[in-house]
Amino acid sequence: MNNPTSTYRIQFHNEFTFSDFERIIPYLAKLGIKTIYASPIFEAMPGSQHGYDVVNSQRLNPEIGTEKQLRAISQQLTELQISWLQDIVPNHMAYHPRNPWLMDVLEKGQLSPYASFFDIDWNSPHHHGRLMVPFLGTPLDEAIDAGELRVAYESDRFVFTYQNTLYPLHLRSYASILQADKRIDTSLVQPLLDQINKLGKVTDTSDYAQDHAEFLETLTRRMKEKPVNDYVEKELTAVNASPDCLRDIADEQVYRLCQFSETDTQINYRRFFTVNSLICLNIQNRDVFDAVHQLPKALFEAGIFHGMRVDHIDGLYDPVRYLEHLRKLAGEEAYIVVEKILQNNEELPSDWPIQGATGYAYLSMVNNLFTRTKSQQVFTQFYRELLGEKQAVHQELQDKKAYILHQHMRGELDNLYHLFLELRLIDKNRLDKLSRGLLKSSIGEFLIQCPVYRFYGNQMPLGQSESEAVNAIFDRIRAQKPNLTPAVDLLAEAILTKPQEGNDDYQERALRFYQRCMQFTGPLTAKGVEDTLMYTYNRFIGHDEVGDSPEYFGMTTDEFHQKMLDRQANWPLALNATSTHDTKRGEDVRSRLNVLTDLADEWIEEVRAWQQLNRSANENGPDSNDEYFIYQTLVGAYPMPGSEEEADFPDRLDEYLLKALREAKRFSTHDAPNEAYEEATMAFARTLLDKRRSFWHRFEPFFRRIADLGIINSLAQVVLKCSCPGLPDVYQGSELWNLSLVDPDNRRPVDFEQRQRWLDELMGESTPDLVAKLWQHRYDGRIKLWLIHTLLTERNQQMGLFTSGQYVPLEVEGAFKQHVLAFARQLEQLWYVVVVPLGPAQLCRDQQTDVLTLNWEDTRIILPGDAPGSWENRLDKASGTTKNGLKVGELFRSLPLAVLKLE
């Protein structure tokens, strides 16, 4: 089994290519990285900054580089013993003219060999076998009347042109175009018309593809003849001069051009979340699986790829079977992780043939560890006072999911309703007694009430635990909406009761409906929670994070220890992520925000004072909820004191607030922006940054304290990431302070030259003086870079211990035991002890001192009786004995962190 040891996430795009990456390989090797974790590198939409909008999975993205370059990079990495973990996208592709498979479908319809590749409902009662192309800014008739939609001869075929986009025309429209002007004699192109007529009778997919290609070759050859070219130009002029002719040609297509907003109410293809421009694949079909994974398979066989990260596993029809096929393709030695968000103490399915998930669950655990649970009541009470009577966050979660379903996914719900009828799961006479609305509403509530992103049962009847979970959903619906009970009873019968009767055909049909529902519970939750609730429920935005939850507010050390014990037992090679390309805030923003929970009363006092100071500046600005959101954002994300990043922070904040307000969907949305409210909110935020105002004079000293204390949390987070069960993952650039906000802010260019220079300097300095120097200059981030390098070096030297060693929770005694987390990693006679502070802000305030001079009094760590007798702190080289335990005050003399090697 390939053990990546540690990973470094790289975001490839046209401004960071293979050539750029080659230049930083020596730096990453020095840092201690053992695996490159690459964003998708397959051909994507032009200018893509993330790579998840793939247009051709069988080709590398030419904007990034060539296969020759990739092979040369692979050779360099092999020499440095660095492996390659590749992000792949099996769920969807870009709905874009550069997608050759999809354009073939638009051109040929169900006669295209790729028609089954895409998750299209060709039998939708609303669309009559025509695929929606929802990219017009206005209804089709208006686009035609405005002259925005035209027919042209481009790329050796006839196409619709709209703005800068081309859509191929069906062959029958070639005849319409070539005969558009009835005044022109058609004898010049009659052979072409005869050929089109003959092709219209072909029904075999392979024959049609071959004959179609031959026709286009003929047309291309004939278009080189001036008489034919002139003839076609005249016909195109006639077509484009006639709105009625353009409408007729639009009606002839196997697709239907329409306004983008139509997909809120009806749709006949599955999309990624609610993104029209990403169309989903039928990856469960073996020919689709083989085609999509053709290039990854070849690169695995060539030894270039060593592992895969599977994007959006929850979108697949049958994730379990997909992973089984992927494991067979990649081999037993391949490292495979999945992007998976767990909720409500949900466990990753133990039967998946993978090494674990990509780290969102770990992020949540650490984030909650640094949140002081005792402050929950203070934060909740203040938030309720701020907004007036406020319903429970769990109910808000359900409401946001309902909003997304009924405002933006009505088409998906309608499709599920029709699928239920089509599959004949309940006797028609019984269905006729129910109103259409009642059954559809019940299916919608089933999606809304699902407590996790999805369930994974792939056979009927469902297993006992899953069956009980589904039954619990139905019980909740009956209790909350008793009027739906008759329809819910039928759903329960179809999914839970009748499959137990053993009828194979019925079980197959019931499973199809159930798994189809599961493909939409995930997108609904993601859009309702991640992209809505996390911008509206602002009690404490530190937990408004992917993988975390606004419902959570901290965990105890005992709970954290238990989760780490479970992690070591079940997923010791899963990723330990703290920042990703999808996180709402950088890891060091959250570390700062956690400090606010240490000083809850003081924080609330500050906010109230700020509200008073800014009352006059906010007469026409954001409401109290958004104002509170801005204050938390400023404390968490404002650049470190003296940082050069202060200069562009106002622009970054503007861009962030614009996105946040539209994602919240309270006063503004992406589709219908309220520019007046947006501008007023941004103007208010810019006013807060005016250092001449009284607000700034009060804000700055508080901010500096939080920044210093947040640094302690950040460094402790690094220590845990590198020593807890799992593999440390570094998101690009996060080896210095990561105070980024949601994308695209978290994908800004990284100054690798600076990092390389600083790392070289750090490697040349002696440890005793270095720690004090780094702390003195802590705002520049070198202390974090040094810590990551030090810990990765330690891991690389003791790989077995940190991968396979036991996780041993250690007891802490004394006056401040609740402010310390300690555990050991043990493998045979080798012991490491890790100690980090929890909530030191409160202690600093109580003792009126800084973190380095805290008096820890009698606080000490108790070691097991078989622990070795002496220790060395691998961070500052201090040493001592383990007699009578480990005194925290001794360990935290130069830095309030300890990674001890016991001997």
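Does Tyr-677, at 11% relative accessibility, count as buried or exposed? In this predicted model, Tyr-677 counts as buried, because a relative accessible area under 20% is the criterion for that class.

The N-terminal end of H29 is capped by Asp-751, which places a side-chain oxygen 3.3 Å from the backbone nitrogen of Glu-753. The buried residues of the helix are Phe-752, Arg-755, Gln-756, Trp-758, Leu-759 and Leu-762. In general, an α-helix has 3.6 residues a turn, so residues three or four places apart point the same way.

An open sheet is formed by 3 strands in the order E8-E9-E10, with antiparallel pairing. Strands E8 (149-154) and E10 (165-168) are the edge strands, each pairing on one side only. Neighbouring strands of the sheet are turned against each other by 40° on average, direction ignored. Between E8 and strand E9 (residues 157-162), the antiparallel pairing extends over 6 bridges. Leu-149 has Tyr-162, in E9, as its bridge partner. Helix H8 (residues 226-240) packs on this sheet and touches both E8 and E9. The direction of H8 makes about 165° with that of E8.

Aromatic pairs number 50 in the structure. One of them joins Phe-420 and Phe-513 in an edge-to-face arrangement, with 5.1 Å from centre to centre and 70° between the planes. Phe-420 belongs to helix H16 (residues 410-422) and Phe-513 to helix H21 (residues 504-530), so this pair ties together parts that are 93 residues apart in sequence. Phe-420 is buried, with a relative accessible area of 0%, and Phe-513 is likewise buried at 0%.

A further pair is made by Phe-667 and Tyr-677, whose ring centres are 4.4 Å apart; the planes stand at 35°, so the pair is classed as tilted. Phe-667 lies in the loop between helix H26 (649-664) and helix H27 (675-688), whereas Tyr-677 lies in helix H27 itself, so the contact ties together parts that are 10 residues apart in sequence. Phe-667 counts as partly exposed, at 35% relative accessibility, while Tyr-677, at 11%, counts as buried.

Key
Residues are numbered from 1 along each chain as its sequence is written. This is a predicted model: local features need pLDDT of at least 70, side-chain atom pairs count only at pLDDT 80 or more; totals for chains, interfaces and linings use all residues. Side-chain values use heavy atoms; hydrogens and water are left out. Buried means under 20% relative accessible area, exposed over 50%, partly exposed in between (1.4 Å probe, protein chains only). Helices (H or I, at least four residues) and strands (E, at least two) are DSSP runs, numbered from the N terminus. A polar contact is a pair of N or O atoms within 3.5 Å; within protein, one must be able to donate a hydrogen and the other to accept it, and residues adjacent in sequence count only if both atoms are side-chain atoms. Two strands pair if DSSP finds at least two bridges between them. Axes are lines fitted to C-alpha atoms, for helices over the stretch in contact, and angles run from 0 to 180 degrees between N-to-C directions. Contact means heavy atoms within 4.5 Å. Rings of Phe, Tyr and Trp (its six-membered ring) pair if their centres lie within 6.5 Å; planes under 30 degrees apart count as stacked, over 60 as edge-to-face and the rest as tilted.
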